[in-house]
Every structure is written in C-alpha cells, then in structure tokens.
Amino acid sequence: MFAYIMRRVGVSILILIGASLIMYTLTALSGDPLQEFYESRNPNRDTLIAQRIDALNLDLPIPVRWLDWLGGAAGCLVPFANLCDLGVNLANAQVATLLPRAMASTLQLVTAATILAILLGVTVGIVSALRKDTGFDYSVTFLSFLLYSLPSFWVAVLLKVFVAIGFNDFLQNPEIPVWAIVLIGIIAGAIWQVLVGGDLRRRLVVFVGSGLVTALVLAVMQGIDWFTNPSLGPVVIVLAAVGLAVGITALLAGLENRRALIVAGVNALIGVVVYFTLQGLLDISTLGTIIIIGVVLVAVGLASGWLAGGFDRGVSMRVGAITALSLYALVILDRFMQSWQTYASSPRIGGRPIATVGSETPGLAGDFWVLGLDSFTHLALPTLTLLLISFAGYTRYARAGMLDTLNQDYIRTARAKGLSKRVVVVRHAFRNSLIPITTIVAADIGAILGGAIITEQIFAISGMGALFFTSLGRTDPNPVMGYFVVIAVVAIAFNFFADLAYAALDPRVRVR
C-alpha cells in the first residue's frame with residue numbers, strides 16, 4: 001500500500017507540473033497584460049509599464065517565467081515556512097492572499113452542493129432501482145434526463161426569477177387563495193399516487209388522502225401565520241423523534257432487533273429533552289458550542305449502543321449515533337427558523353430575504369443564527385443550481401449500480417438463504433452498488449467547480465470562479481494559475497481517494 005501511494009503521489013506531481021506549463025503558456029499567449037497602457041494618456045504611463053513588466057517578469061521568455069512561478073508555488077508545500085509565493089496580480093496584490101478569500105466562498109458553495117447531490121441522488125437512484133418499472137421509476141428517469149439536459153446558466157436564471165423574486169413577492173402578502181390550496185392538494189395527490197404505486201384502489205386512496213393532508217397543512221400554516229414566523233414546534237419535534245427512531249432502526253437493524261430499537265428510543269428521548277432544556281443556551285450559542293453539543297450527543301449515542309447493543313453492538317451504536325445526530329439537526333433547524341422573522345424584518349433585508357446576488361448582506365448585524373440565515377439565503381439558489389447539475393448523474397449511476405448488483409449470484413444466494421429484503425439490500429447490495437459512485441464523485445468534483453464559474457457570475461459571488469473569469473479576461477496569469485493549482489490539486493486528490501475507496505468497498509480489490 002505504501003509503495004502504491006508513493007507511486008500515485010509521484011505521478012500526480014508530474015501531471016501537475018506538465019499541466020501547469022501548458023496552462024501558463026496558454027494564459028500568457030492569450031493576451032497582453034500591458035494592453036490597457038497602450039492608449040493611455042497618463043503622464044506616468046512609461047513608469048507604470050516598467051513597474052508591471054518588473055512585477056510580472058514580462059521581459060523574460062514564457063518558459064523562464066513559468067519556472068520562476070513554479071519555484072514560488074513549490075514553497076506552498078512547506079508548512080509554516082511562509083515560503084508560498086504565487087506571484088501578484090495586475091493590481092500588485094499577492095495571489096496567495098487573494099486565494100483564501102475566494103476559496104472560502106467557492107468551497108462553501110461546492111461542498112454543500114456535492115454532499116446534497118450525493119445524498120439525494122444515491123438515495124433516489126437506489127429506491128428507483130428497487131421499484132423498477134413502476135411509476136416512481138419512470139418519473140425519476142424522466143426528471144433525471146430533464147435536469148441533465150438543462151444548462152446551468154438557464155437553471156440559475158429561472159431560479160432567480162421564479163424562486164427568489166416570486167417567493168419574496170409572496171412574503172409581502174403571504175396569503176394563499178382557496179383555489180390555490182385546492183390545486184396544490186390535487187397536484188400533491190397526483191404526485192404521491194405515482195410515487196406509491198399499486199392497484200387502482202390503492203392509488204385512489206393515496207391520491208385523496210395525500211391531497212387532503214396537503215391542503216389541510218397549507219390551511220393551518222396560513223392560519224397560524226407560519227410563512228412569516230416559521231418553526232417546527234414541540235409537536236413536530238416529538239413526532240419526528242418517534243419517526244426517526246423507528247425509521248432508522250427499521251433501515252439499519254430491523255424492527256425485530258429490540259435492543260437497537262431501545263437505543264434509538266433512548267437517543268430520541270434525549271434529543272427531545274435537549275430541545276426543551278437547551279433553548280436558552282442555543283440563544284447565545286456560537287458555532288463552536290453547537291459542534292460541541294453535537295459531538296456529545298453522538299458520543300452518547302455510541303455509548304448507549306455499546307452498552308445496550310448486546311451481541312450486535314456495532315449496529316446498535318450506528319443506530320444510536322445516527323438517531324441522535326438526525327434529531328439534533330432538526331433542533332438546530334428549528335432554532336434557525338425561530339430567527340427567520342428577526343432576519344427578514346431587518347432594514348438591511350427589507351422584507352425580501354431570498355437573495356439573488358452576493359454571498360452576504362453588507363452591513364448586516366446579528367447573532368450566529370441571523371448571520372447563518374443570511375449565508376443560507378445567499379447560497380441557497382447557487383447551491384441548488386450546482387446540485388441540479390450533478391443530481392441526474394448520481395441518480396442514474398446509483399440505479400444502474402444497484403440493478404447490476406441485485407442480479408449477482410451472491411445476492412440470489414442471500415435471498416435463497418431466507419434473508420429479509422432489508423438485509424439483502426442494506427448489508428449485501430448497497431455497499432457494492434456504491435463502487436461506480438466513487439468514480440463519478442471524483443470526476444464530478446471538477447464538473448461542479450467548472451460550473452461554479454458560471455454560477456458565481458450569475459449570482460455575483462466573489463469566489464474562485466469569479467477570480468478566474470476576471471483574471472482570464474484581463475490576461476492576468478498569476479490569479480489564473482492560482483485557480484488552476486487549487487482545481488488541479490482537488491481533482492487529483494479526489495481521484496486518488498476514489499482508488500483507495502475501491503479497496504474499502506470491495507475486499508476483492510487489493511492495492512499493492
């Protein structure tokens with residue numbers, strides 16, 4: 001394994017060096033960094049030209065300039081030595097100083113989009129495979145191909161017009177007419193009967209039931225002014241705790257595993273107690289406090305699973321930890337929702353909370369929850385745009401991988417032994433169906449980062465994409481190369497991790 005890692009690291013370094021030479025040469029040949037001075041009547045024009053030539057080494061051949069840049073970039077590999085030198089831009093600002101600020105916005109955007117795309121895409125794809133040739137499967141297939149065919153810039157514009165502007169207009173007068181509630185109920189009923197499937201009688205029951213429930217929920221939300229003052233509330237938290245305890249146990253251990261069910265119930269009860277007792281602490285919490293509470297709850301979940309898990313402690317520990325973390329996430333969500341009215345009524349927001357430009361509201365003051373909502377409302381639409389780029393691919397790969405795995409001989413053997421469907425799918429098929437996903441994740445990281453260039457331009461986010469686009473248009477080579485270094489390192493690293501993940505997912509793979 002060590003020899004394999006060293007070979008991969010060596011090859012990766014050679015690829016980076018060769019690709020950086022090509023990228024630097026193409027950027028240098030794409031234009032003239034002195035173009036803006038040629039028609040200038042500034043009396044200091046000659047001095048400014050000389051300064052820029054000296055700062056960017058324009059008097060040297062391109063290969064020599066690249067070697068000089070490469071030497072400075074190599075210093076970034078030495079930690080805590082302060083030797084990192086990626087050059088300066090046309091404004092004489094250090095690229096090594098500009099990159100961290102740009103990376104923060106882009107990584108926040110890309111990380112959220114990638115995680116959500118993987119979770120939603122894999123989940124929907126596997127369910128689609130388990131319900132092959134049903135209405136749900138056909139609907140997911142149609143939606144996947146539709147989203148896959150849409151260009152990201154068009155999706156971004158549609159989201160700005162119909163989601164941001166439309167929702168902000170709705171919040172000015174959040175009243176839903178009766179006819180709209182009825183129509184939404186009918187649409188929801190039609191969707192649910194397709195998802196659930198079954199014979200005609202079952203479809204009719206689902207259609208009527210889900211439609212009535214949807215209409216009733218909308219009417220209640222409007223009656224209690226939920227749209228301007230939202231919250232989950234204690235009733236929803238308690239019901240969610242019961243549902244999570246039962247659902248997670250059924251998925252991971254099976255309801256016949258009483259010990260796991262008890263562990264899930266205990267952690268659900270702890271989560272409800274946390275909701276009622278820590279509201280005062282959450283009001284003054286910071287990110288560090290929230291993380292510490294989450295770690296403690298997960299530790300309690302693991303400990304309770306170990307103590308009460310019996311012969312199958314591993315499963316009970318996973319059930320306890322996931323139940324605790326899931327319910328804690330709902331508690332945090334509820335606390336954010338409680339701050340919604342404070343945030344939306346701020347003079348800086350002006351009653352239009354869903355932002356269409358930027359990554360934050362200038363001059364907005366508030367606590368952790370208000371500032372967190374501000375980040376969410378600014379990143380919601382660009383994150384959704386990038387998510388839709390990847391969702392279709394993950395869905396199709398997950399579906400194909402699960403169908404292929406379910407047709408394997410060892411799956412037939414597991415079924416013949418009388419194992420339950422949950423055990424066959426979760427413990428035998430799911431893990432091996434993820435092997436193709438590791439490949440697409442590594443390739444998709446680059447696609448999402450590439451899509452971020454367009455998305456950041458549309459939503460006016462000052463991230464890596466904006467830095468690259470602006471610098472390329474001005475023939476500013478050093479920021480372009482800084483962008484290249486980050487993207488190349490991320491892409492190569494994820495491909496390397498994907499290779500290692502094969503061995504973890506499939507014991508038949510041995511890395512030497």
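The model is predicted, so local features need pLDDT of at least 70 and side-chain atom pairs count only at pLDDT 80 or more, while totals for chains, interfaces and linings use all residues. Residues are numbered from 1 along each chain as its sequence is written, and side-chain values use heavy atoms, with hydrogens and water left out. Helices (DSSP runs of H or I, at least four residues) are numbered from the N terminus. The structure holds four salt bridges, each being a side-chain nitrogen of Lys or Arg within 4 Å of a carboxyl oxygen of Asp or Glu.

- Arg399 and Asp137 form a salt bridge in which the closest N and O atoms are 2.8 Å apart.
- Because Arg399 sits in helix α16 (residues 368–406) and Asp137 in helix α6 (residues 135–149), this pair ties together parts that are 262 residues apart in sequence.
- Arg399 and Asp137 are both buried; buried means under 20% relative accessible area, exposed over 50%, and partly exposed in between (1.4 Å probe, protein chains only).
- Ser128 belongs to helix α5 (residues 95–130), and it counts as buried because its relative accessibility is 0%.
- Leaving aside residues up to four places away in sequence, Ser128 touches Phe136, Asp137, Val140 and Arg399, where contact means heavy atoms within 4.5 Å.

- A second salt bridge joins the side chains of Asp283 and Arg335, at 2.8 Å from N to O.
- This pair links distant parts of the chain, since Asp283 is in helix α12 (residues 279–283) and Arg335 in helix α14 (residues 313–338), 52 residues apart.
- Asp283 has 37% relative accessibility and so counts as partly exposed, whereas Arg335, at 7%, counts as buried.
- Arg335 also has a polar contact of 2.7 Å with the side chain of Ser339. A polar contact is a pair of N or O atoms within 3.5 Å; within protein, one must be able to donate a hydrogen and the other to accept it, and residues adjacent in sequence count only if both atoms are side-chain atoms.
- Ser339 lies in the loop between α14 and α15 (340–344) and is buried, with a relative accessible area of 4%.
- Trp369 and Leu373 are touched by Ser339, not counting residues up to four places away in sequence.

- Within α17, the side chains of Asp409 and Arg412 meet in a salt bridge of 2.7 Å, N to O.
- Asp409 and Arg412 are three residues apart, about one turn of the helix.
- Asp409 is exposed at 58% relative accessible area, and Arg412 is partly exposed at 44%.
- Helix α17 (residues 409–416) packs with helix α18 (residues 421–433) at about 175 degrees, their axes 11 Å apart. Axes are lines fitted to C-alpha atoms, for helices over the stretch in contact, and angles run from 0 to 180 degrees between N-to-C directions.
- The two helices α17 and α18 are therefore roughly antiparallel; angles under 35 degrees count as roughly parallel, over 145 as roughly antiparallel, 65 to 115 as roughly perpendicular and the rest as oblique.
- Tyr410, Ile411, Ala414 and Arg415 of α17 meet Val424, His428, Ala429 and Asn432 of α18.

**Helices α5 and α20**

- Helix α5 packs with helix α20 (residues 464–473) at about 125 degrees, with axes 7 Å apart, which makes α5 oblique to α20.
- Leu99, Ala102, Met103 and Thr106 in α5 meet Met464, Gly465 and Leu467 in α20.
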